[in-house]
Amino acid sequence: MSETIRRPVLYSAVQPSGTLTLGNYIGALRNFKLLEKDYDCLFCMADLHALTVRQEPAALRRRTAEVAALYIACGLDPEKSIIYAQSHVPQHAELAWILNCFTYMGELSRMTQFKDKSARHADNINAGLFTYPVLMAADILLYQANVVPVGADQKQHLEICRDIANRFNGIYGNVLTVPEPYIAKSAAARIMSLNDPTSKMSKSGEPDSFISMVDDADTIRRKIRRAVTDSDGEIRVDPENKPGVTNLITICAAMRGCTADEVCALLAGKGYGALKDYAAESIIEVLSPIQEEYKRLVADKAYLNDVLKNGAERASGLAMRTLRKVYKKVGLYQL
Ligand code: TRP
């Protein structure tokens, strides 16, 4: 059966190369089920992108299914949204090749992520790392996506995707939808590293610098207790001078669905110990029902396989339409 798309299309992808963090939850996952109301959504596990750095094969395989399970545990409905693995839809690699021929070496070498990653993986500066943004453009353009939620680190990649689409359309007519960045209605809180609150919380940081979405209660308490604060002892928002305390307040507010001021008022006159306890318990309260559902889902391999298979079939049906058009436009022989 072919998929019919009526509402604007939202495309989102994550590399299944590590665990998802509390930062991912607050910045993205907790809003997914709201997006589902207004958009036709695709949620992709970008396993091909993950291969641009060396992966442990068994771990990559396992994490791909785990991300899908977490998405569903956070409330996504796999009947509505298309949840799938990138490698299950061959059209991604096919469109990426075509788009490679419409992308300049110069613009790819200006990508900051390429420069950063080649510095960090100096022993493995492979061509995939270089053409990473082209595969990402293919991901988005295959589905004629209207909006793509991206964090600051992916903005440049969305920009080059738009440039490639405009370039292609300039030559062949309006073939590809030029995507816009998705801007959340309420500005997303930026969650910082626990041991270096001036940098973003990231799954590639030190283990104690982030809360994994699947950390158990004791681990969460321990990590929060160790979080870096400051020595003035006052609980107030001041990102400049008190980034650690501000980060904990931000986390509390996000978990409780209240404002930072309300958190400060509640804890006024108390010490950082109280702030940390409150933060840890707030996180645990939100994450534990999700974790329970997650555990149930990862244990049900048959169900997850069904979801991924169904997602891949639906995605492929949509992707095929764009790819056919593109092949025809560029002059590939049609049978
Ligand atoms: N590069 C993105 C990241 O690391 C993941 C990604 C791959 C992506 N393809 C995408 C994000 C398409 C948005 C749209 O976060």
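Predicted model: local features only at pLDDT ≥ 70, side-chain atom pairs only at ≥ 80, totals over all residues.
User: Where do the two domains lie in the chain?
Analyst: Domain 1 is made of two stretches, 9-188 and 301-330. Domain 2 covers 207-294.

User: What distance separates their centres?
Analyst: Taken over C-alpha atoms, the centres of domain 1 and domain 2 are 31 Å apart. Domain 1 brings 13 residues to the contact, and domain 2 brings 14 residues.

User: How much area do they bury between them?
Analyst: Domain 1 and domain 2 bury about 1,200 Å² between them. Carbon and sulfur atoms account for 79% of that area.

User: Which residues of domain 1 lose the most area to domain 2?
Analyst: They are Leu22, Tyr25 and Ala73. Together these residues make up 43% of what the domain 1 side buries.

User: And polar contacts, how many residue pairs are there between the domains?
Analyst: The count between domain 1 and domain 2 is four residue pairs in polar contact.

User: Changing topic, which residues are around the ligand?
Analyst: The residues around the ligand are Tyr11, Ala13, Gln15, Ala46, His49, Tyr132, Met136, Asp139, Ile140, Val148 and Gln154.

User: Which ligand atoms do Asp139 and Gln154 face?
Analyst: For Asp139, a polar side-chain atom lies 2.6 Å from a nitrogen atom of the ligand. For Gln154, an N or O atom of the side chain is 3.0 Å from a nitrogen atom of the ligand.

User: Back to salt bridges: how many does the structure hold?
Analyst: The structure holds 18 salt bridges. One of them joins the side chains of Arg7 and Asp40, with an N to O distance of 3.3 Å.

User: Where in the chain do Arg7 and Asp40 sit?
Analyst: Arg7 is in the segment before β1 (9-14), and Asp40 is in strand β2 (residues 40-45). The pair links distant parts of the chain, 33 residues apart.

Conventions
Residues numbered from 1 in each chain as written. Heavy atoms only, no water. Domains from an automatic or database assignment. Contact = heavy atoms within 4.5 Å. Buried area = accessible area lost by both parts, 1.4 Å probe. Polar contact = N/O pair within 3.5 Å; in protein donor to acceptor, adjacent residues only side chain to side chain. Near = heavy atom within 4 Å. Salt bridge = Lys/Arg side-chain N within 4 Å of Asp/Glu carboxyl O. Helix = DSSP H or I, 4+ residues; strand = E, 2+ residues; numbered from the N terminus.
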